[in-house]
Each structure stands twice: as C-alpha cells, then as structure tokens.
Amino acid sequence: PHKKNNIFLFLTILISYYTQIVMSSKIFVVGATGATGKHVVQMLLDEGNTVITVVRSKDTLVSLLKEGNNYGDRLQVKEAAILDLSHDELVSLTAGCSAVVSCLGHNISFKGLWGEPRRLVTDAVKGLTKAMPSSAMFILMGSDGVRHPDDPIRPFGERLVITLLRCLVPPHVDNEMAAEYLYQDRSFNWIVVRPTDLVDEEHASKSYDIFDISEGSLFGGPGVSRANVAHFMVQLIQKKELSEKYKHQMPVVKHKVS
C-alpha cells in the first residue's frame, strides 16, 4: 500500500506539472516597471506564465517583484527603450506570445509630460501590433478620459476640461491617438481597458465593476486601485470567454460601490 501511495503521489505531481505547462502562456508586457505594469507582471508570474518584457533597468523591475522568488526562464527581460527596437527585434521578442500588454505611460515630470517622445504610447502600439503574432491579443491600458464613440456625450464642463487637456497635456492626446489607432483596425484582437482615477493598493481586492461604456462624471468618483486594474487585465488573458466578450471594446473599470 505504501508503494502504491508513492506512485499515486508521483503521478499527481507529474500531471499537475504538465498541466501547468500546457495551460501557461507566454505574455509580452511593456510598461512593466510602472505602478500598474508591475502588478500585471507579478500576477502573470504567480499564475505560472512566462513574461517577456522590455525595460530600461532589469534591476528596477526585479526590485518591484516579490523577494526571494527565482522565476528562471519564466521572466525574460531585455534592457532597452521600447521605441529604440527595430521591427525585427519586436517580432523576435513577441514570437509565440498569446498576448501583448501595454501599461506604458509618460513619467510625471516636466520632461515626461512635455518632452520627447510625445507619441510614446501610440508609436509603441503601432510597432507592437505590427510585429506580434496575428493570433495574439493586444491589451492597452488607457483611461476613462479617452472617449469611445458609443460613450454618451459628456456635459459641457467636462468636454471643456478634456479640450484643455488636449491643448496643455500631450500625454492625453497620445492616449487618445493610441486608442483611436486600435479602434480603426479590426484585423486583430485588441481591448482597451479604461480605468477611472487610479489609486495605489498593494494587493488586488477584486472589488471592482466593469462597464461597457463610460458613464457618470469623470471627476470626483472613487478611484480604482492599480492592482485591481491589473487583475482585470490578467483575467482578460486567462479567460477566453471574457476576452471574447470585450474584443474590440473599451471596457471601463470602476471601484465597486457597495
């Protein structure tokens, strides 16, 4: 009986191991050292996936992940600026990936907001979607300030504020252009995730709601945590029925109000 138990335990471990290999995916992530991107990377790794990313500093990325974990080949990091990579390099990096996730954003500094590259997100989206496998899904993190054509017309005051943002804050225009680029192309799978105001939270509480369109005021509502936004993005990758539901859509992520 003892020998049979050992054999059964061995087979259980073996099946679990190979099941994890089969079910795991290879995901390409940009913006991995950002406040939301780091959560996306950590959650994907925790689920047994392989993450490939381009960052300026591997040490910075590693310092943002859980201490004491050795991810081995499941974390592959190329140190570079994403816009410095050629088409062929992006093709090589995204080869075999089932999804490409962009959490790119501009640094909150004078250079980050008004310096070059002013089209960081848009140019990265264009380069990555042209290079990634045709079967891959592209997930872009935007904001609810980026309008979907089906969204209701906003009040005059909010439209005035958004117009001022377009004139004074280049990153807002960059986010709008990136979403517009995707919206005009239905030849591949894409989803634009639009969170409301973002707040920091160490772990995902999973207390959030998803809406098909942006409703309610852009200002003054409860913020949604970056960890919860990351959780939704990872769910889009892992659950096919969810990604099919929101394919070519721009779902809005809001904090769940009891």
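The exercises below work through a predicted model of one protein chain.

**Exercise 1. How many helices and strands does the chain have, and what share of its residues count as buried?**

Step 1. The secondary structure comes to ten helices and ten strands.

Step 2. The chain has 258 residues, and 43% of them count as buried.

Step 3. Contacts between residues at least 6 apart in sequence can be sorted by separation: 78% of them join residues at least 24 apart.

**Exercise 2. Describe how helices H2 and H9 pack, and name the residues that make the contact.**

Step 1. Two packed helices are described by the angle between their axes and the distance between the axes.

Step 2. H2 covers residues 37-46 and H9 covers residues 226-238. The angle is about 45°, and the axes lie 8 Å apart.

Step 3. To count as roughly parallel an angle must be under 35 degrees, and roughly perpendicular begins at 65. H2 and H9 are therefore oblique to each other.

Step 4. The crossing of H2 and H9 is right-handed.

Step 5. On the H2 side the contact is made by His39, Val40, Met43 and Leu44. On the H9 side Arg226, Ala227, Ala230, His231, Met233, Val234 and Ile237 take part.

Step 6. Sorted by class, the contact of H2 with H9 has eight nonpolar residues, two polar ones and one charged one.

**Exercise 3. Which residue pairs with aspartate 200 in a salt bridge, and which parts of the chain does the pair tie together?**

Step 1. Side chains of opposite charge can pair when their charged atoms come close.

Step 2. The partner of aspartate 200 is arginine 226, with an N to O distance of 2.8 Å. The cut-off for a salt bridge is 4 Å.

Step 3. Aspartate 200 sits in the loop between strand E7 (198-199) and strand E8 (208-211), while arginine 226 belongs to helix H9, so the pair ties together parts that are 26 residues apart in sequence.

Step 4. Aspartate 200 has 64% relative accessibility and counts as exposed.

Step 5. Arginine 226 is also one of the H9 residues in the contact with H2.

Step 6. A search of the whole structure finds seven salt bridges.

**Exercise 4. Trace the network of salt bridges that links Lys240, Glu244 and Lys247.**

Step 1. Glutamate 244 forms a salt bridge with lysine 240, and their closest N and O atoms are 3.8 Å apart.

Step 2. Both residues lie in helix H10 (residues 240-245), four residues apart, which is about one turn of the helix.

Step 3. Glutamate 244 also forms a salt bridge with lysine 247, with the closest N and O atoms 3.9 Å apart.

Step 4. Taken together, these pairs link Lys240, Glu244 and Lys247 in a network.

Step 5. Lysine 240, at 59% relative accessibility, counts as exposed. Glutamate 244 is partly exposed at 40%, and lysine 247 is partly exposed at 30%.

**Exercise 5. Lysine 206 and histidine 248 each have a positive phi. Where does each lie, and is each buried or exposed?**

Step 1. Most residues other than glycine have a negative phi.

Step 2. Lysine 206 is not a glycine, yet its phi is about 65°. Lysine 206 lies in the loop between E7 and E8. At 54% relative accessibility, lysine 206 counts as exposed.

Step 3. Histidine 248 is not a glycine either, and its phi is about 60°. Its place is in the loop between H10 and strand E10 (252-255). Histidine 248 has a relative accessible area of 11% and is buried.

Methods: Residues are numbered from 1 along each chain as its sequence is written. This is a predicted model: local features need pLDDT of at least 70, side-chain atom pairs count only at pLDDT 80 or more; totals for chains, interfaces and linings use all residues. Side-chain values use heavy atoms; hydrogens and water are left out. Axes are lines fitted to C-alpha atoms, for helices over the stretch in contact, and angles run from 0 to 180 degrees between N-to-C directions. Helices (H or I, at least four residues) and strands (E, at least two) are DSSP runs, numbered from the N terminus. Angles under 35 degrees count as roughly parallel, over 145 as roughly antiparallel, 65 to 115 as roughly perpendicular and the rest as oblique. A crossing is left-handed if the near helix is turned anticlockwise from the far one by less than a right angle, and right-handed if clockwise. Contact means heavy atoms within 4.5 Å. Ala, Val, Leu, Ile, Met, Phe, Trp, Tyr, Cys and Pro count as nonpolar, Asp, Glu, Lys and Arg as charged, and the others, Gly among them, as polar. A salt bridge is a side-chain nitrogen of Lys or Arg within 4 Å of a carboxyl oxygen of Asp or Glu. Buried means under 20% relative accessible area, exposed over 50%, partly exposed in between (1.4 Å probe, protein chains only).
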